[in-house]
Amino acid sequence: MQDSKNKAIEDIYPLTALQQGILFHTLMAPDSGVYVQQFHCTIDAAINIAAFEQSMQILMDRHAALRSIYAWEKLKEPLQIVYRQQRLPIVHLDWRQYATAEQQDQLTQFLAQDRKQGFELTKPPLMRLTLIRLSDASYRFVWTYHHILFDGWSFALLMQEFLASYTALCNNRTPALAPSRSYRDYMAWLKRQDLAQAETFWRETLADMGAPTPLAINRSYPDRQGYAQRRWQSDIQRTQSLNALARDYGLTMNTLIQGVWAILLGRYNGQSDVSFGITVSGRPTEIHDAESIVGLLINSLPIRVHLPAEARLMAWLQALQAHNLQLRQFEFTPLTQIQAWSDIPAGTPLFESLVIFENYPVDASITQPAQALPIKDVQVDEQSNYPLTLLASTGKTLAVSISYDRHRFDEPTIERLLSHLVHLLDAIIAAPEARLGDLSLLGDDERRQLLLDWNQTAVPYPQTQTLCQLFEAQATRSPEQVALVFGETTLTYRALNAQSNQLAHHLRSLGVGPDTLVGICVERSLDMVVGLLAILKAGGAYVPLDPTYPAERLAYMLADAQPAVLLTQQHVRAQLPATGMTVFCLDAQAHALAGYGTDNLASTALPHHLAYVIYTSGSTGKPKGVAVTQGAMFNFMQAMQQ
């Protein structure tokens, strides 16, 4: 029995690093549809079912990847096991009884259920084929497969071979397909690679990058599950303009898309150093005819991009392309190994968004008029484990789709992101030599909304009044209402206004006027508020000094501000350094104010004069004084009241 089983197996080899990652995420979320790929298209013809099924079986017989399963239980490492033979049945459904709208609803439900069904990776085949008959001469063809089998380039090859075989069989010819290189050849090449140079490259590239670039548009939507896609298709004129621009500056469209995504990430996050994932083909030039291999050769890698605002766009894109060429030398490096070489903590992903560029658009190669099967309405649905995946492809036109985690993003957010991407592409076409910092993401509607709708915030307000005048008006309106409470002691508006006026008259006699700095170093008390109001009423600007500060800090602040007068309390004065300024103790010398009037002073301070100077902690270790004008303080108080 064991010998019979061994005869059924053609080959066994380990998984690539990316296959291991795909296996891990599949096992972690078996019902999520992660890495379940769905290709579906409409075929407007009466299909030769026998030729159709035989053409698919030819693919199964030719390519080991299609006959593979994956084993991991009780093994030191996961293995890919290839069967010698495997049948691929096709499911036939007939929906001719449904109207067109009903057929579309049925298709939507079918695709969702088919994706959710997933695959059991230990049981072949890891593909499903479904032919849905829509009319007597129209079908919807659905090819569902697990991404662990092969990549997008391989799928394009498979479709071309399938169509070539079908055409030959329909014309009673034996299919003549070009030889295909074995996937084992790639596995052998991969095993020979030396990671020493790769380690140096990746350590230098990711040095000092302690976290992946966040997704600033990320939110939490607990009731939303699964993934969704939004698509955008460029028109021919825009695509031609982009192709011409890339050609003139020696760029690939892949580099252009990466650059646009980097700029978007930078703008959305307010960062000039961003990182994201890219997918590389993984088809080494050292292997002759590597393009003919069917299997999973691609790899996902981090790319780090700096965004200097003054850099010229095209020169910056050319530098990005040069970095990509250097990266290609080490594109075989497992992502898990790169993670270990980086400064990003284990368990934190290297990137949260992935950019995939396909230069093998499947629809461009299979929708030609000369094909035996007239194919149209091609759609490819794919889902990775990343929160946000940008997929771009070029044929006659540039197509972009964004796959997103509905638990973290909503549809309007993704629509806006797509619109910003399009606006950025248009800005690049319009001004290819612009500086990065000058490129705009906004369309006319958003620009109008910012400038004309949201920014119409002007409201009339008194522009010549001061805070003291507001307080005095309040004291006139409600003189007997309580203005201050401290412990068991209270002051009415009348009493507070009278006491602060007496002190203000005294300060005027000491020469305090507009832009004169007056220090105030008192404990929290009624005296503190009286002192602050009096300084402002005299037209001066107060400098608050916390008596709990160290003596050295207070000495520095006094020496730096050099206030003309210092208001304090008797028990606090002893802690202060000796200075040549005039000192007045609000508690011990209160009797000296008895001879001053309690009437309001004529205002001498204007909005542009200083109201106070407050010292910050100081990032260099020394406090720094921040000056605030009367007008700024008045504006703030008005806004707080409203």
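## Basis

The model is predicted: local features need pLDDT of at least 70 and side-chain atom pairs count only at pLDDT 80 or more, while totals for chains, interfaces and linings use all residues. Residues are numbered from 1 along each chain as its sequence is written, and side-chain values use heavy atoms, with hydrogens and water left out.

Helices (H or I, at least four residues) and strands (E, at least two) are DSSP runs numbered from the N terminus.

## The sheet

An open, antiparallel sheet is formed by three strands in the order β1-β4-β3; two strands pair if DSSP finds at least two bridges between them. At its edges are β1 (9-14) and β3 (68-71), each of which pairs on one side only. Neighbouring strands are turned by 25° against each other on average, direction ignored.

Strand β4 (residues 79-83) runs antiparallel to β3 and is joined to β3 by four bridges. Ala-71 is opposite Leu-79 of β4. Helix α6 (residues 183-191) packs on the sheet and touches β1 and β4, its direction making about 25° with that of β1. Contact means heavy atoms within 4.5 Å; axes are lines fitted to C-alpha atoms, for helices over the stretch in contact, and angles run from 0 to 180 degrees between N-to-C directions.

## Asp-11

Asp-11 is a residue of strand β1. Apart from neighbours within four places in sequence, Asp-11 is in contact with Gln-80, Ile-81, Val-82 and Arg-184. The side chains of Asp-11 and Arg-184 make a polar contact (2.6 Å). A polar contact is a pair of N or O atoms within 3.5 Å; within protein, one must be able to donate a hydrogen and the other to accept it, and residues adjacent in sequence count only if both atoms are side-chain atoms.

## Helices α3 and α5

Helix α3 (residues 49-62) packs with helix α5 (residues 152-170) at about 135°, their axes 9 Å apart. The two are therefore oblique to each other; angles under 35 degrees count as roughly parallel, over 145 as roughly antiparallel, 65 to 115 as roughly perpendicular and the rest as oblique.

Residues that meet include Phe-52 and Met-56 in α3 and Phe-162 and Tyr-166 in α5. By class, this contact has ten nonpolar, three polar and two charged residues. Ala, Val, Leu, Ile, Met, Phe, Trp, Tyr, Cys and Pro count as nonpolar, Asp, Glu, Lys and Arg as charged, and the others, Gly among them, as polar.

## Helices α9 and α13

Helix α9 (residues 253-269) and helix α13 (residues 411-430) pack at about 120°, with axes 10 Å apart. α9 and α13 are therefore oblique to each other. Among the residues that meet are Trp-261 in α9 and His-420 in α13. The contact of α9 with α13 has eleven nonpolar residues, one polar and one charged.
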